[in-house]
Amino acid sequence: CEPVRVVLSVDRSILRYINFGKHHYGFVSQEEKEDTVEMVFLTDPKMDGIARWFMMFGDQARILEPTTLKEKVKQMAEDISTNLTI
């Protein structure tokens, strides 16, 4: 299977927390912007690993591409919300 290109925009303030793990998810490059860093990955087409990793810091990041990863993370967030229902 061909790897999938993933682009994330991450708040600069959390880089120190995620830099150690980025290579496990197919990290390719990063470009510094004003307050963010755009990170590019080539990852497994299922995207399960990078989706779960993104959930750890998703409150301070955005998925720029692909849409399928956005949908996967959104579904995971909905499932978590359901599990938290009292």
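## Surface and overall form

Accessible areas come from the Shrake-Rupley method with a 1.4 Å probe. The model is predicted. By that method, the protein chain exposes about 5800 Å². Carbon and sulfur atoms supply 51% of this area. Of the 86 residues, 33% count as buried.

A compact globule of 86 residues would have a radius of gyration near 12 Å, and the 13 Å of the protein chain agrees with that. The C-alpha trace spans about 40 × 35 × 20 Å along its principal axes.

## Fold and contacts

The protein chain has 3 helices and 4 strands. Their order along the sequence is β-α-β-β-α-β-α. Among contacts with a separation of 6 or more, 59% join residues 24 or more positions apart.

## Charge

There are 11 positive and 14 negative side chains in the protein chain. The centres of the two sets lie 2 Å apart.

## Aromatic pairs

The structure holds 5 aromatic pairs. One of them joins Y25 and W53, with ring centres 4.8 Å apart. Their planes meet at 20 degrees, so the pair is stacked. The pair links distant parts of the chain, 28 residues apart. Y25 sits in the loop between helix 1 (15-18) and strand 2 (27-32), while W53 belongs to helix 2. Y25 is partly exposed, at a relative accessible area of 22%. W53 is buried, at 4%.

Another pair is formed by F27 and F41, whose ring centres lie 5.8 Å apart. Here the planes stand at 70 degrees, so the pair is edge-to-face. F27 lies in strand 2 and F41 in strand 3, 14 residues apart, and the pair links distant parts of the chain. Both F27 and F41 are buried. Ring pairs also bring in helix 2's W53: the cluster they link consists of Y25, F27, F41, W53, F54 and F57.

## Backbone features

Two loop residues deserve a look. The first topic is M47. M47 has a phi near 65 degrees, a positive value in a residue other than glycine. M47 is placed in the loop between strand 3 (36-43) and helix 2 (48-57). M47 is buried, with a relative accessible area of 5%, because buried means under 20%.

The other topic is P66. The peptide bond from E65 to P66 is cis, with omega near 0 degrees. P66 lies in the loop between strand 4 (61-65) and helix 3 (67-83).

Definitions and conventions
Residues numbered from 1 in each chain as written. Predicted model: local features only at pLDDT ≥ 70, side-chain atom pairs only at ≥ 80, totals over all residues. Heavy atoms only, no water. Buried < 20%, exposed > 50% of the residue type's maximum accessible area, 1.4 Å probe, protein only. Rg over C-alpha atoms; globule rule 2.2 N^0.38 Å. Contact = heavy atoms within 4.5 Å. Lys, Arg positive; Asp, Glu negative; His and termini not counted. Charge placed at Lys NZ, Arg CZ, Asp CG, Glu CD. Phe/Tyr/Trp six-rings, centres within 6.5 Å; stacked < 30°, edge-to-face > 60°.
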